[in-house]
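Please read it alongside the sequence and coordinates.

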Amino acid sequence: MNCPYCSFADTKVLDSRPDSEGRSIRRRRECLKCSRRWRTLERVEELNTLVIKRNLTYAPFDRAKLLHSLQVACGKRPVPPSAFEKVVADIEWKLIEEGRDTVSSAEIGAYIMKALRELDEIAYVRYASVYRRFRDVGELMAEMNSLLRDGETPSNP
Ligand SMILES: [Zn+2]
């Protein structure tokens, strides 16, 4: 974009910050000629990424459904609701930034598990027990053990 002060065509982006819902981004720009700075606000009209489900059917990205699954996993846990918004916004932002047409539900699940593991370990195990569909308590214990081993990430399903 051109500098609003001197119309010079080359500008430098100083920083970029998505909003909490991942639907807009604020940028700070600097003109490479006159060095004046200004801010821009770019809005994303819609996230058009399709989700490929386990049964290989497609569904629109459903932020309400993701928020609900996070609320369920974090029920009665000390996780503020704003944290759910941020997890979902981060996923949306990632998809927008990568220009993704499709994303698998497994990839979204893995992303949520990673985020929950940092937020609250009980919520993480709850979510994992639904998402990973542990067949028995042995599998659950294996996951718990991996959680107890500090610094390691859980194996992929
Ligand atoms: Zn300028």
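**Helix and sheet packing**

α2 and α3 cross in a right-handed sense; a crossing is right-handed if the near helix is turned clockwise from the far one by less than a right angle, and left-handed if anticlockwise. This is a predicted model, in which local features need pLDDT of at least 70 and side-chain atom pairs count only at pLDDT 80 or more, while totals for chains, interfaces and linings use all residues. Residues are numbered from 1 along each chain as its sequence is written. Helices (H or I, at least four residues) and strands (E, at least two) are DSSP runs, numbered from the N terminus.

**Contact of α2 with α3**

- The axes of α2 and α3 are 11 Å apart, and the packing angle is about 145°; axes are lines fitted to C-alpha atoms, for helices over the stretch in contact, and angles run from 0 to 180 degrees between N-to-C directions.
- From α2, Ala 83, Val 87 and Ile 91 meet Ile 108, Tyr 111, Ile 112, Ala 115 and Leu 119 of α3, contact being C-beta atoms, placed from the backbone, within 7 Å.
- By class, this contact has eight nonpolar, no polar and no charged residues; Ala, Val, Leu, Ile, Met, Phe, Trp, Tyr, Cys and Pro count as nonpolar, Asp, Glu, Lys and Arg as charged, and the others, Gly among them, as polar.

**Nonpolar core**

- The largest nonpolar core has 19 residues, of which Leu 70, Val 87, Ile 112, Leu 116, Ala 123 and Tyr 127 touch the most other members.
- Such a core is a set of buried Ala, Val, Leu, Ile, Met, Phe, Trp, Tyr and Cys residues joined through C-beta atoms within 7 Å, where buried means 20 or more other C-beta atoms within 10 Å of the residue's own.
- α3 gives the most to this core, with six residues.
- Apart from neighbours within four places in sequence, Leu 70 contacts Phe 84, Val 87 and Ile 112.

**Contact of α4 with α5**

- Helix α4 (residues 121-131) and helix α5 (residues 137-148) have axes that come within 11 Å and cross at roughly 145°, again in a right-handed crossing.
- Glu 121, Val 125, Ala 128 and Ser 129 of α4 meet Leu 140, Glu 143, Met 144 and Leu 147 of α5.
- This contact has five nonpolar, one polar and two charged residues.

**Sheet**

- Three strands form an open, mixed sheet in the order β5-β4-β6, two strands being paired if DSSP finds at least two bridges between them.
- Strand β4 (residues 50-52) runs parallel to β6, joined by three bridges, and Ile 52 has Ser 104 in β6 as its bridge partner.
- Helix α3 (residues 105-119) packs on the sheet, touching β4 and β6, and its direction makes about 65° with that of β6.

How values were computed. Two residues are in contact if their C-beta atoms, placed from the backbone, lie within 7 Å. A residue is buried if 20 or more other C-beta atoms lie within 10 Å of its own, exposed if 12 or fewer, and partly exposed in between; C-beta atoms are placed from the backbone.
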